[in-house]
Structures are given as structure tokens and as C-alpha cells.
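Trainee: Could you take me through one part of this model up close, namely the places where its pieces meet? I'd like it in plain words, please.

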Number of protein chains: 2
Amino acid sequence: MKFTISNELIEKVEQLVQSKNDEAILDLLNEYHHADIAEILEDLNTEQASYIIKLLDSEKTSEILMEMDEGDREKILATLSTKEIAEEIEELDTDDAADMIAELSEERQIEVIAQIEDEEHKAEIRELLTYDEDTAGGLMAKELVRVNENWTVTECVREMRAQAENVTRVHSIYVVDGNEKLIGRLSLKDLLMASPRAHISTVYIPKVDFVDVNEDAEEVARIMQKYDLEAIPVVDENKVLLGRITIDDIVDVIKEEAEKDYQMAAGITQDVEADDSILQLTRARLPWLFLGLVGGIGAFLIMEGFKGTFEKYAVLFFFTPLIAAMAGNVGVQSSAIIVQGLANDDVKGSINKRLIKEMFLAALNGFILALFLFAFVWITKGSFLTALAISVSLVAVIIIAGLIGTFVPLFLDKKGIDPAIATGPFITTSNDIFGILIYFWIAKLILGI
Amino acid sequence: MKFTISNELIEKVEQLVQSKNDEAILDLLNEYHHADIAEILEDLNTEQASYIIKLLDSEKTSEILMEMDEGDREKILATLSTKEIAEEIEELDTDDAADMIAELSEERQIEVIAQIEDEEHKAEIRELLTYDEDTAGGLMAKELVRVNENWTVTECVREMRAQAENVTRVHSIYVVDGNEKLIGRLSLKDLLMASPRAHISTVYIPKVDFVDVNEDAEEVARIMQKYDLEAIPVVDENKVLLGRITIDDIVDVIKEEAEKDYQMAAGITQDVEADDSILQLTRARLPWLFLGLVGGIGAFLIMEGFKGTFEKYAVLFFFTPLIAAMAGNVGVQSSAIIVQGLANDDVKGSINKRLIKEMFLAALNGFILALFLFAFVWITKGSFLTALAISVSLVAVIIIAGLIGTFVPLFLDKKGIDPAIATGPFITTSNDIFGILIYFWIAKLILGI
């Protein structure tokens with residue numbers, strides 16, 4: 001069951017491609033699942049991978065290509081003629097076909113579509129290309145089993161056998177009226193258990209979940225998860241059945257969403273992978289680092305501003321990394337909890353209540369930590385007042401960092417901005433500056449300078 | 001289609017519960033999906049929610065309870081008698097039933113199981129409770145449709161009608177031999193299209209994916225995603241068919257895994273939510289903050305060690321928050337990319353190659369940032385040497401921070417430890433200390449102090 005790629009396997013494939021031993025390549029790869037072959041091809045260079053794609057049957061290669069990383073797929077598609085790409089497209093379900101075409105240049109898109117022979121497939125792909133990729137329309141496939149409410153079960157089964165040949169997985173059978181409007185559904189199980197002479201109108205289930213073709217992809221994911229759906233029909237504003245979305249596409253949406261949030265929290269703006277080029281990675285990472293640099297210069301200016309005040313208390317300056325680190329950590333913690341809660345639709349109620357709760361939470365954490373810090377400074381430095389100044393500041397900084405971390409994502413969410421941008425470097429940097437400012441200000445007050 | 005909870009709705013339900021207007025409650029809630037009712041109950045207090053659970057039919061309430069947050073569910077279960085819980089359990093599929101029972105105290109578990117009337121259901125739940133929750137056994141349900149290779153299609157359909165009553169969703173029909181060993185599968189579509197007199201042994205597909213009952217849950221998720229499976233059979237070491245796992249359970253595994261990694265990156269150790277108590281949140285957050293405190297004290301000691309330098313070059317000290325922030329940010333970025341790559345099984349090849357790549361990447365980013373910093377310091381401070389010292393240190397710190405961020409998760413992964421712990425506060429804190437140390441050391445060298 002388990003497939004693990006090995007260096008030996010890759011070397012063997014490379015050798016076979018080198019010696020153009022087509023028969024041996026076909027024999028070897030025949031054993032593997034298309035998802036496994038995709039992994040193998042990702043480890044070859046483009047020329048070798050392209051050789052194999054051209055060698056294998058397009059029924060298999062279309063699936064292999066869809067399993068590959070977008071970047072690797074693009075490179076291989078660039079080596080294929082538009083005719084060859086059209087052949088791959090013919091084999092794919094409409095949703096995958098539209099996704100693959102969308103990755104091509106506009107010019108090549110037109111050429112490829114022109115060369116698709118199946119007219120219905122062509123028209124369906126053209127339709128799908130008109131929808132935004134982050135909507136239900138961008139996720140759906142046109143392949144589905146639809147039956148008319150006026151048919152009998154026997155007619156329905158006959159009709160379905162014809163339709164089912166084009167549909168890889170039959171989840172639900174959608175029931176439409178004479179105007180192609182979605183009116184209900186039928187499971188294969190129901191059909192299996194119904195009398196053959198019964199009319200569909202007497203056995204179908206009128207309660208059916210559906211989404212509008214313009215619905216946001218993330219909202220579709222939320223609905224399908226909440227109601228445990230494995231497929232959902234997509235309709236237009238007149239409830240005419242347009243297509244269906246299956247759970248495997250939603251798994252991808254969920255994963256991408258989670259990865260995007262994770263990367264934002266880590267200060268990476270674009271969707272990058274460990275294997276991307278140094279330039280791509282730099283583009284994704286440098287803007288956040290630059291933000292950090294500006295923040296650091298801000299911190300420098302603040303400290304310089306307090307230089308005169310603290311000639312006598314150099315020790316205060318030595319605690320700024322501690323203060324900045326604590327402010328950053330607390331801010332990231334509170335914002336992460338809020339961002340995650342918002343993503344799961346768990347955060348309800350007023351902002352004020354959240355802020356009060358966070359204040360108590362931060363105060364409790366801050367107090368415990370400040371006790372340790374107080375003991376450390378008092379024992380090592382022997383000055384009660386210095387220890388007090390540093391510890392009291394720490395509590396204040398932690399409370400304010402927690403409040404900022406809670407408030408900013410809630411505020412962004414209210415304004416319709418993705419709250420995830422408020423995590424990571426953004427919150428760390430602003431908390432660094434606020435933290436250091438508050439720290440020196442309180443210290444000054446307590447030490448009476 | 002869309003359900004949004006409103007304050008009016010909650011108040012209405014509260015009023016109806018207050019006045020014990022059972023009929024109106026039933027009328028009102030009857031309209032809603034069980035997942036929606038779960039959301040409503042989460043917004044009531046335990047007493048009110050429990051009143052509704054006791055009022056509604058257990059066929060519906062069992063589903064409602066399974067949709068609720070674990071914490072809210074636990075509170076309601078605490079108000080129910082073991083007899084009432086057993087009634088809920090009778091309605092649930094074996095996997096959900098086992099999950100719900102596992103949340104009870106050991107004593108109550110025994111009482112509840114004893115009161116389950118359906119002997120087969122009872123035995124199956126007992127079996128499921130023996131598996132670790134993070135394995136295939138912990139995820140699987142016993143409900144599935146299994147047919148014998150020696151049956152005809154007609155016999156099979158008859159037998160399936162009986163079995164299917166207990167199975168909510170028929171994904172695949174599993175084919176077993178005389179010893180209950182899994183030998184293949186059959187889709188409903190295949191069955192629909194086969195001749196009624198054909199023997200199963202002539203129509204089934206011998207190629208079937210399966211997982212071992214002790215397989216890790218995350219590995220099951222990876223397999224199901226990679227091969228786009230909607231259900232996978234689970235077998236024991238003799239390939240005897242034990243149960244099946246469906247994609248909706250896997251969606252939960254994927255989400256939980258992503259949330260765990262996200263929380264680790266934000267310095268939150270336990271699975272907490274925004275609505276958890278202040279004490280729970282403190283337990284999850286304080287350990288990481290304490291780590292930050294210790295790191296901060298480390299930074300203090302280093303700076304104090306360079307105190308002599310401070311007298312002459314106080315400006316160096318004012319840049320420590322900048323250096324620490326940059327070291328932290330770079331470390332988090334590189335570790336996040338590696339952790340995500342490891343989770344997606346994208347990171348292959350030698351550690352050395354990764355480290356060399358990260359070195360170039362960090363050097364490029366560091367160089368660009370250092371140019372700005374150099375210009376800033378030179379212009380505002382007028383000292384070429386100071387500007388040089390700070391900028392060169394910045395490049396060195398960024399490179400080393402990047403290397404640590406890359407190396408630590410790869411190293412942990414090799415040792416079989418979850419690399420996600422290497423993100424967030426762990427990497428920020430260690431990079432703070434290393435960063436500051438390297439900074440002063442290089443600055444001292446260049447300034448010749």
C-alpha cells in the first residue's frame with residue numbers, strides 16, 4: 001500500500017529515459033498509481049519528465065499532470081504542443097481541465113481550446129473559465145448525474161448508466177424539474193431500494209443543500225464541513241443546476257487556507273514552498289523583514305531618546321530585548337487565538353468582552369512572570385526600586401501587548417480585511433515599539449528621574 | 001441555505017425554554033439542521049441546552065451532540081443519566097459512539113456500555129475503544145457494506161439492502177473471501193452496470209487501497225488526500241476487514257493538525273479556543289512566555305557582559321532590539337517553510353543542500369537589509385566604522401538565524417520529534433540570544449574595542 005520514493009527508483013527511471021528504453025519505462029511505471037508517478041516526475045528534470053509524459057497514454061498522463069505541483073506542471077506544459085495539451089484536456093473532468101487551461105498564457109489558451117474535439121466538453125470548459133477561481137463556480141465540475149422528476153426509477157437507471165460513464169464518482173443524483181431547476185436529490189442507495197416502477201417525483205428527497213455559483217470558496221468549504229457533505233450542487237440565481245463541487249476539492253481549499261494563515265503568521269506573504277527559487281522566496285520574505293527593520297529603527301530612536309535619562313541606569317537598557325520579546329510573544333499568542341477563532345466562526349459577541357477577558361488573562365500571566373523577574377533583578381542587582389520599575393513595566397507591557405493582539409484582528413475582521421495579516425511580524429513589530437516605549441516611560445515614572 | 005445565528009433567535013429559544021413551551025420549541029427547532037441546532041445550543045447555558053436535548057428525539061440529539069464543541073458536549077453529558085447517554089449512543093455510528101463514550105469517566109463508560117441494548121453495536125463499540133485515538137483504528141467505523149466474492153450480483157444487491165440500512169453513506173462495497181480477508185472492491189456504479197447473474201468474483205476490482213488498523217491517523221490522512229479517496233478500508237495484520245474510514249473524519253484530522261501547527265508557531269501548547277477559561281488559556285500560554293523570559297534574561301546577561309563597551313558605544317546597545325527582531329523573524333520564516341514542507345512531504349534530499357540554499361537566501365535578504373541600515377546609521381551617526389560594524393553584524397546574524405531555523409526542524413524530524421515545536425517562541429528565543437551574542441562579538445571585532 002505504502003509508496004516511498006527512493007533514489008534507486010529515480011536513478012533507474014533516469015537511466016531508462018537516457019537509453020530511450022520505452023518498453024521498460026512503460027513496464028516499470030505501469031505498476032504505479034498516477035499520484036506516485038507524479039512524485040517520480042517531480043524528481044526528474046523537465047526534459048526527462050516531458051519524455052515520459054509524451055510516452056504514456058494521455059488517459060494516465062492527464063491525471064499525473066493534475067497531481068503535480070503547479071510549478072512543475074507548468075514547466076512540462078511548456079514543452080508540449082497545444083495539440084498535445086488539448087489531448088490531455090479531453091481526458092480530464094471539466095473542473096481539472098479548466099484549472100489546467102487557466103495556467104496557460106491567453107494565447108495558448110485559445111489555441112488549446114480550439115483543438116478540443118468534444119464540443120460539449122469544450123463548451124463546458126469555456127463556461128467554467130468565466131468564473132472567478134475563488135468562487136463556487138471556480139471549484140465546480142459540470143460532470144454530474146441529473147434526472148427528471150417525471151421519469152420512473154427504471155428510466156432513471158437507464159439514463160444514469162449513460163450519464164455515469166462520464167462521472168467518476170456518483171455521490172448524489174440531482175433531481176430537476178422541466179426547467180432544469182434543482183428541486184431535490186436522490187442517493188444511489190435510495191434508488192437501489194425503490195420499486196422500479198415508482199416515479200422519481202414520489203421517491204426523491206426535496207430537502208437539498210446547494211450553493212450559488214458566485215459563493216465564496218471558503219464559505220462553500222465551511223458549509224460542506226458543517227453539514228458533512230461529500231458533494232454539493234451549484235445553481236445560478238434562478239436555481240438552475242449548473243454543476244457540483246466534491247469534498248476532495250474542498251480538502252484542497254481547507255489546506256490552502258490553513259497554509260496561507262500559517263505562512264502569514266510566520267511572515268511569508270506569497271504562497272511559496274521550500275523548493276521554490278531563492279528569488280521567489282526572497283520576494284515572499286523580504287517585505288516582512290523590511291517591516292522588522294523599520295520597527296527596529298523605531299526602537300533605536302526611542303532608546304536614543306531616553307539616553308540622557310538613564311545615564312545612571314544602563315541596566316534598564318539591557319532589559320529591552322526581554323521586554324520586546326515578551327511583548328511580541330504575548331501579541332502573537334492573543335492574535336493567533338483570535339484569528340483561529342474567527343476562521344472557525346467561534347468568535348461571537350462584543351469586542352469589549354474579549355478585550356476585558358484578554359486583559360485579565362494578560363494580567364495573570366504578566367504578574368506570574370513579573371514575580372520571577374523581580375526576584376532575579378532584586379537578587380542580582382540589589383536595587384528594590386530598579387527591580388520594581390522593570391517588573392511593573394513588564395506587567396503593563398504584557399497587558400497592552402495582549403490588548404493590541406486581541407483588538408487588531410477583531411478590528412480588521414469588522415472592516416472586512418483578512419485578520420490573518422495581523423499575526424506574525426506585524427504584531428511583533430508594533431508590539432516591540434509600543435513595549436519599549438511603555439517600558440521606559442513607566443521606569444522613568446517609578447525611578448522618579 | 002445559509003443559516004446565521006441571531007440574538008433574536010437565541011432570545012426566543014431562551015424564552016421558550018423558560019416558559020417550558022415544549023410544543024413551540026419542537027416546532028421551531030424542527031426546521032433546523034442538527035448542525036445549526038448545535039450552534040444554537042452552544043449559545044445557551046448548560047441547563048437550557050440540556051432541557052432541549054432531553055426534549056428532542058434521540059435520533060436528532062445524538063447528531064446535535066456530536067456537532068457540538070467537546071467542552072460544551074461534556075457539560076451537557078454531565079447532566080444526563082447513563083441511561084439517557086446510552087440512548088444517544090444507540091443512534092450513533094460506531095465511530096462517533098466510541099468517541100462520545102471515550103469522553104466520559106471510566107466509571108460512567110462502564111455504566112453506559114452496560115445499558116446499550118443492541119448487542120452487536122455494544123461489541124463493536126467495545127472493540128473501537130481498544131484502539132488509540134490517533135490511529136486508523138481510532139478513526140474507523142464498523143459500518144460498511146461487505147460482500148462475498150462467491151455471491152451473484154442479485155444476491156449481493158439483496159444482501160446489501162439489508163446492510164445498507166445501517167450505513168449512512170455507501171462509498172464502496174468491499175469484497176472479502178471466505179476468511180473475511182479483503183480482496184477487492186466494487187463501486188455502486190459497477191454494480192448498477194453489471195449483469196444481475198454475474199458472480200462478484202468476475203466483476204470486482206482486485207486493486208484496493210487499505211490501511212493497517214495501527215497506522216498513524218496523519219499518515220491515513222496523507223494517503224487519502226494523495227490518492228483522492230473518499231473512504232478507505234481498515235484491515236488487521238492478516239488483511240481481515242475491520243472497518244472503514246471516511247473522508248469527513250479525515251477533514252477533521254487535517255484541520256486539527258493545521259490548527260496544532262499554527263498554535264505551536266504562535267506559542268500555544270495545548271489545544272485551546274478563544275472561549276476557553278482564563279486558567280486553561282494561561283496553562284497553554286505561560287510555558288512559552290516563561291521560555292521567552294529566560295531568553296530575555298540570557299540576553300540581559302550577554303549585554304551586561306559587554307557593559308564596558310557601552311560606555312563608549314552606547315549606540316550599539318540601542319540596536320539590539322533591531323538585531324533580535326531580525327534574528328527572530330528570519331528564524332521563524334525559515335523554520336515555517338521547512339515545517340510546512342515536512343508536513344506536505346515535499347522536503348526531500350540532503351540537509352546540507354537545504355542549508356546551503358538557506359545560506360544564500362539569507363545572505364541575499366541580509367545584504368539588501370544591511371544596505372538600508374548602513375545608510376541610515378552612516379547618515380544619522382556620521383561614523384563609517386559604526387555603520388559598517390552594525391550592518392556586517394546584521395548580515396551575519398540573519399545568515400545564522402536562517403541556518404538555525406532550517407537546521408532545527410530538519411534535525412528534530414530526523415530524530416522523530418514533531419518539527420512544529422521548533423517554530424515560534426522556541427526559535428525566536430534562541431535566535432534572540434545567538435543574534436545578540438554574534439552582534440556584539442562582530443561589532444567589537446570591527447570597531448577594535
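Mentor: Let's start inside one chain: between domain 1 of chain A and domain 2 of chain A there are 0 salt bridges, a salt bridge being a side-chain nitrogen of Lys or Arg within 4 Å of a carboxyl oxygen of Asp or Glu. The side of domain 1 of chain A that touches domain 2 of chain A is made up of 1 nonpolar, 1 polar and 4 charged residues; here Ala, Val, Leu, Ile, Met, Phe, Trp, Tyr, Cys and Pro count as nonpolar, Asp, Glu, Lys and Arg as charged, and the others, Gly among them, as polar.

Before going on, some housekeeping. This is a predicted model, in which local features need pLDDT of at least 70 and side-chain atom pairs count only at pLDDT 80 or more, while totals for chains, interfaces and linings use all residues; side-chain values use heavy atoms, with hydrogens and water left out. Residues are numbered from 1 along each chain as its sequence is written, and chains are lettered from A and ligands numbered from 1 in the order in which they are written.

Back to the domains. Chain A splits into domain 1 (7–135), domain 2 (145–253) and domain 3 (278–447), with bounds that come from an automatic or database domain assignment. Over C-alpha atoms, the centres of domain 1 and domain 2 of chain A are 30 Å apart. Their contact (heavy atoms within 4.5 Å) takes 6 residues from domain 1 of chain A and 9 from domain 2 of chain A. Together these two domains bury about 520 Å², 40% of it from carbon and sulfur atoms; that is the accessible area (1.4 Å probe) that two parts lose on being put together, summed over both.

Now the interface between the chains. Here 113 residues of chain A are in contact with 115 residues of chain B, and the two chains bury about 11,000 Å² between them, 64% of it on carbon and sulfur atoms. Chain A and chain B share 8 salt bridges. One salt bridge joins the side chains of Lys226(A) and Asp36(B), at 2.6 Å from N to O. Side chains of opposite charge can pair when their charged atoms come close. On the chain A side, helix H17 (residues 278–305) gives the largest share of what touches chain B, 17 residues; helices (H or I, at least four residues) are DSSP runs, numbered from the N terminus. By class, that side of chain A has 62 nonpolar, 17 polar and 34 charged residues.

While we're on helix H17 of chain A, Arg283(A) lies in it. Apart from its neighbours within four places in sequence, Arg283(A) is in contact with Thr269(A) and Gln270(A).

How do the two copies relate?

Technical notes:
Helices (H or I, at least four residues) and strands (E, at least two) are DSSP runs, numbered from the N terminus.
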